[in-house]
Amino acid sequence: MAHLERLSVYPIKSLDPVSVDAAQVGANGALEWDRRYAIVDESDAYVNGKRERAVHRLHTEYDLERKTVAIGERGGKTRTYHLDVDRDSLESWLTDFFGYPVQVVCDDEGGFPDDTDASGPTVISTGTLEAVADWYEGIDVDEMRRRLRANLEINADEAFWEDRLYDRPGRAVSFDLGDVTLLGINPCQRCVVPTRDPDTGEDTPGFRGTFVERREATLPSWAGSDWFDHYFRLMVNTTVPDDQWETTLSVGDDVRLGESTRVASS
């Protein structure tokens, strides 16, 4: 039986993840600590990898119990800040780094998800990471993991196993991780971030073209093909029913597939 192999949260949106053994499901189905904080500019727009290439050069390490982040440029010295008490100092350092004023904002209830219509944890399988890494010379599984930035990694060896977790538009596939029920909604539409070196932000030549070509050629029979108006989609977006909030996901939880059900239009 497949199980949850890795659980990652991204305390500051667009920056590095931290691996945890367990995470509580919070409001709106988001995982505790996932995208709890975000960097925004003076117009309240996210300073993220889609809009700001310099984000890739930042390295972060977290102590979630102490609510601290050690941050610096990759390969350089880090500075440690308490994410609440030292927020002004952190913002000042980030403003100097980016060269324009930024703030660090917080949402303790739901965070700042990438997909606000499917704000639960994202899912991918180890087999998929291995298969997609093989499409590219010089990119290993760990780098592909960092490019794609999933929350939940299932240990299934079968490539594109997670494509079983959604159906056609208007429907969702239920699945259990341990005692928690989630709903798979759609294959994630990817942005520019996976096409860049995760350490430098430099473009990987031909990444998107290769991805689209190989994704179309290897799309499994069980994938909900109605979603594929284009093939730059990978990983599964989910929601978590509100009666499952305050439950806990843990590494090692078994995965059990459920049924496809109709969902209300957003």
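## Overall architecture

Four helices and 15 strands make up the secondary structure of this protein, which is seen here as a predicted model. Its radius of gyration is 18 Å, close to the 18 Å that the globule rule gives for 266 residues, so the protein is as compact as a globular protein of that length. The C-alpha trace spans about 50 × 45 × 35 Å along the principal axes.

## Surface and charge

Of the 266 residues, 51% count as buried. The protein exposes about 12,400 Å², and carbon and sulfur atoms supply 41% of that area.

Among the side chains, 29 are positive and 52 are negative. The centres of these two sets lie 3 Å apart.

## The nonpolar cores

The largest nonpolar core contains 49 residues, and Leu94 and Phe98 have the most contacts inside it. Helix α1 (residues 87–98) contributes the largest share of this core, with five residues. Apart from this core lies another, of 18 residues, which includes Ala133, Ile139, Met144 and Phe211.

Beyond its neighbours within four places in sequence, Leu94 is in contact with Ile39, Leu58, Ile71, Val102 and Val104.

Helix α2 covers residues 126–133. The helix is mostly covered, with seven of its eight residues buried. These buried residues are Thr126, Gly127, Thr128, Leu129, Ala131, Val132 and Ala133.

Several elements pack against the buried residues of α2. Two of them are helices, α3 (141–148) and α4 (207–218). The strands are β9 (123–125), β10 (152–154) and β13 (233–239).

## Val132 within the helix

Val132 is found in helix α2. The residue counts as buried because its relative accessibility is 0%, where the limit for burial is under 20%. When neighbours within four places in sequence are left aside, Val132 is in contact with Met144, Phe160, Phe211 and Leu234.

Terms used:
Residues numbered from 1 in each chain as written. Predicted model: local features only at pLDDT ≥ 70, side-chain atom pairs only at ≥ 80, totals over all residues. Heavy atoms only, no water. Helix = DSSP H or I, 4+ residues; strand = E, 2+ residues; numbered from the N terminus. Rg over C-alpha atoms; globule rule 2.2 N^0.38 Å. Buried < 20%, exposed > 50% of the residue type's maximum accessible area, 1.4 Å probe, protein only. Areas by Shrake-Rupley, 256 points an atom, 1.4 Å probe, with all protein chains shown as cover. Lys, Arg positive; Asp, Glu negative; His and termini not counted. Charge placed at Lys NZ, Arg CZ, Asp CG, Glu CD. Core = buried A, V, L, I, M, F, W, Y, C linked by side-chain atoms within 4.5 Å. Contact = heavy atoms within 4.5 Å.
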